[in-house]
Amino acid sequence: MKKENLMPSIVLSAICLVAALLLSVINMFTAPAIEAAQNAAANAALLEVLPDGKNFESIEITSDYPAAVTAGHKADGGYVFQMSVTGYKPGLVIMCGIDTEGKIVGVKHIQSSETYGMEPELNGVYVGDTLDSVELILATGATSSSKTSAAYYEAVKAALQAYVIANGGSVDVRTPEQILQDNCNAALGTEGKTFAKWFATEALVGVDAVYETDGGRVFVIGESFIGVNAGGAIVTADVSADNTATVNAAYTAVTESTLTEITTLPEGVSASVQKTYVTASGNYVFEVKASGYKHATNVEFAGIDDGYFFIKVSIDSEGKIIDVITTSHSESAGYGDACATEDYYEQYRGKADADVTLAVTAPDFHLDQIADGTSGVGIIASSTFTTYGYQKAVKNAFAAYELITEGGNE
Amino acid sequence: MSSNKKLMILLRGIITENPVLILVLGTCPTLANTTSMFQAVSMGLAATVVLIGSNFVISLLRNIIPDTVRIPCYIVVIAAFVTAVSMLLQAYVTPVYDILGVWLALIVVNCIVLGRAEMFARKNGPLDSALDGLGMGLGFLLALLVMSTIREVLGAGTILSGMTAFGIEAIKIPVIYDLRMPFLVESSGGFLVFGILIAVMAKITEKRGGLKRKSFSCEGCPSAHICHKTSCSEVTELAAEAFDVAVENKEIEIENTEEKEVSENA
């Protein structure tokens with residue numbers, strides 16, 4: 001290569017090299033100052049939730065801390081913890097300052113995608129609380145902001161628990177679901193098994209819930225978890241005689257509750273009722289297809305007949321709902337997805353056909369028909385289509401029940 | 001070179017060849033950084049430091065840098081200065097770093113800086129180039145200050161806003177605050193003020209015999225190899241000659257004035 005062709009590259013490279021060298025020297029001098037300035041800015045944020053804090057130092061967040069806690073700082077005036085929780089949407093990041101007496105002195109959200117803008121109000125409601133006194137506080141307009149309120153409660157409770165751990169104490173940081181699974185495993189003498197709630201096809205007297213796994217079942221009576229192995233023997237120690245009798249009766253009812261499919265249905269049963277079963281005791285189980293928000297938008301805006309959600313309803317011989325469950329759905333997160341929660345199922349349990357009233361005659365995209373605070377069985381605030389779809393599906397199950405039993409057992 | 005010529009180099013950027021109001025360069029940062037006087041001064045000073053430094057270094061290297069790679073070389077030098085200024089501001093004057101935001105890094109592509117490197121520093125000595133950088137920087141700063149004063153005072157009805165980090169609260173100007181025109185701190189107001197200032201400068205220069213139009217050679221033009229070089233060169237040469245004659249006349253006029261003053265004093 002000729003010299004004149006090489007020179008430009010050499011000169012340009014040399015200039016780049018010298019520039020990089022000089023910048024690295026400047027960086028050596030400025031880096032500590034930049035870090036200090038950044039720390040000062042971060043401390044300013046920490047001071048917002050812990051005004052009396054001095055000399056903030058980052059602390060290591062180990063697996064002993066609640067899962068929601070993502071960062072922590074120790075200061076002369078207390079601690080500041082940062083939590084990431086899920087309200088209506090994931091990514092609600094909250095900072096919580098706790099003084100040396102374990103009291104919350106400041107709460108502030110530093111990142112949020114919540115819909116209802118309740119954060120400023122919720123930032124103030126937990127100030128002064130301790131781990132012993134903290135309780136869930138719902139923001140104004142509680143129906144629409146309940147998930148945000150619950151997320152705030154989870155965050156401040158996690159911060160208070162983290163405070164105890166940071167001071168050398170220990171607290172139970174498990175989630176309610178983890179506690180349930182641990183209790184079930186303990187009752188059955190197993191480890192790491194996953195338990196699923198039994199869809200009740202029989203009304204069990206004295207038993208609140210039944211959980212199943214491949215090695216047996218666990219019956220919940222109040223605070224007691226009683227395990228029964230695959231052979232039908234109670235394996236939990238120190239079970240009272242009353243509870244033993246209750247569990248034995250429930251175990252028999254559960255194991256004998258076999259479902260027989262009814263293939264020929266009477267005329268007039270809604271096509272949305274996809275499968276119908278009857279138990280030996282005369283209870284009925286219906287699998288029903290429901291049209292919620294997903295299906296309605298698919299039809300309205302894309303012309304696609306898709307997006308249904310599916311539910312199961314069991315009705316006893318007296319025409320009352322034993323249990324309901326949403327078996328699959330694509331309803332909106334933060335809105336219609338409330339139809340797949342235990343709280344929602346509970347609204348239907350024990351209800352007869354007359355107790356369930358359709359909240360709207362027909363949902364309409366142009367009208368916000370279910371307002372916040374509207375009450376009734378199966379109503380989900382701001383989710384008109386899901387509410388209507390669920391209620392309609394339950395009503396269809398009742399109608400099918402009526403036709404099959406020729407007017408029920410009246 | 002006489003001290004008067006050096007003074008001319010310095011003053012040229014401030015008044016007669018003001019980069020913003022006469023040459024209409026650096027319009028983007030001008031419009032974006034003139035909503036408050038503090039931001040405008042910060043931007044002007046940062047750009048001035050970069051202009052002085054880059055002009056000086058580029059002039060020093062003007063005989064070493066091959067023509068074919070001079071633009072990349074200039075960019076590297078300018079980028080190095082911008083990065084250095086950026087690091088120093090972030091370390092020691094964080095509020096200024098915060099208020100300038102992305103505009104600080106964008107000084108790299110400010111056409112005033114690259115323009116002076118190409119038009120002046122590569123043809124003149126380091127000291128003159130540094131003076132040119134200082135003059136152009138001060139011209140940029142002055143234009144920003146005038147524009148931001150109008151926008152902040154009449155648009156927001158305040159002075160010294162944006163200085164909370166230094167413990168200085170914005171001062172609301174009585175009466176004006178109540179009669180303020182908020183659109184002036186919006187983009188539309190920026191364009192309006194910018195246009196009015198250019199018109200005023202044009203009127204002033206018109207009274208003094210009009211603005212001398214510079215003609216530039218094809219050298220450095222990326223399209224030079226595909227355009228009609230002959231005709232372009234002819235036009236450029238004529239314009240360059242006219243410019244040189246004008247400069248010579250001006251220098252003679254200055255020297256005569258100096259001699260006259262000296263003789264009068266004597």
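Student: Where does B:Val50 lie?

Tutor: B:Val50 is located in helix α3 of chain B; helices (H or I, at least four residues) and strands (E, at least two) are DSSP runs, numbered from the N terminus. The model is a predicted one, in which local features need pLDDT of at least 70 and side-chain atom pairs count only at pLDDT 80 or more, while totals for chains, interfaces and linings use all residues. Residues are numbered from 1 along each chain as its sequence is written, and chains are lettered from A and ligands numbered from 1 in the order in which they are written.

Student: Is B:Val50 buried or exposed?

Tutor: B:Val50 counts as buried because it has 28 C-beta neighbours inside 10 Å. A residue is buried if 20 or more other C-beta atoms lie within 10 Å of its own, exposed if 12 or fewer, and partly exposed in between, with C-beta atoms placed from the backbone.

Student: Which residues does B:Val50 touch, leaving out those up to four places away in sequence?

Tutor: B:Val50 touches B:Ile78, B:Phe81, B:Val82, B:Val85, B:Ile107 and B:Val113. Contact here requires C-beta atoms, placed from the backbone, to lie within 7 Å. B:Val113 is 63 residues from B:Val50 along the chain, and their C-alpha atoms are separated by 7.6 Å. B:Val85, apart from its neighbours within four places in sequence, is in contact with B:Ala46, B:Val49 and B:Val50.

Student: How do α3(B) and α4(B) pack?

Tutor: Helix α4 of chain B covers residues 70-92, and its axis is 9 Å from that of α3(B), at an angle of about 140°. Axes are lines fitted to C-alpha atoms, for helices over the stretch in contact, and angles run from 0 to 180 degrees between N-to-C directions. The two helices are therefore oblique to each other; angles under 35 degrees count as roughly parallel, over 145 as roughly antiparallel, 65 to 115 as roughly perpendicular and the rest as oblique. α3(B) passes α4(B) in a right-handed crossing. A crossing is left-handed if the near helix is turned anticlockwise from the far one by less than a right angle, and right-handed if clockwise.

Student: Which residues meet there, in α3(B) and α4(B)?

Tutor: Those in α3(B) include B:Ala46, B:Val50 and B:Val57, and those in α4(B) include B:Tyr74, B:Phe81 and B:Val85. The contact has 11 nonpolar, two polar and no charged residues. Ala, Val, Leu, Ile, Met, Phe, Trp, Tyr, Cys and Pro count as nonpolar, Asp, Glu, Lys and Arg as charged, and the others, Gly among them, as polar.

Student: And at what angle do α3(B) and α8(B) cross?

Tutor: Helix α3 (residues 37-60) and helix α8 (residues 126-156) of chain B cross at roughly 165°, and their axes come within 8 Å. They are therefore roughly antiparallel to each other. This crossing of α3(B) and α8(B) is also right-handed, and the contact divides into 19 nonpolar, 10 polar and two charged residues.

Student: How many residues has the largest nonpolar core?

Tutor: That core has 59 residues, and B:Val50, B:Phe81 and B:Phe140 are among those with the most contacts inside it. A nonpolar core is a set of buried Ala, Val, Leu, Ile, Met, Phe, Trp, Tyr and Cys residues joined through C-beta atoms within 7 Å. Elements supplying at least two residues each include α1 of chain A and α3, α4 and α8 of chain B. α3(B) gives the most, with 13 residues. A second, separate core of 51 residues includes A:Tyr211, A:Ile226, A:Val288 and A:Ala359.

Student: Turning to the chains, how many residues of each are in contact across A and B?

Tutor: 15 residues of chain A are in contact with 18 residues of chain B. On the chain A side there are 13 nonpolar, two polar and no charged residues.

Student: What secondary structure do chain A and chain B have?

Tutor: Chain A has eight helices and 14 strands, whereas chain B has 10 helices and two strands. Buried residues make up 35% of the 410 residues in chain A and 38% of the 266 in chain B.

Student: Finally, which residues of α6(A) are buried?

Tutor: In α6(A), residues 293-302, they are A:Tyr293, A:Lys294 and A:His295. These buried residues pack against α8 (384-404) of chain A. Just after α6(A), A:Gly303 takes a positive phi of about 70°.

Note on methods: Contact = placed C-beta atoms within 7 Å.
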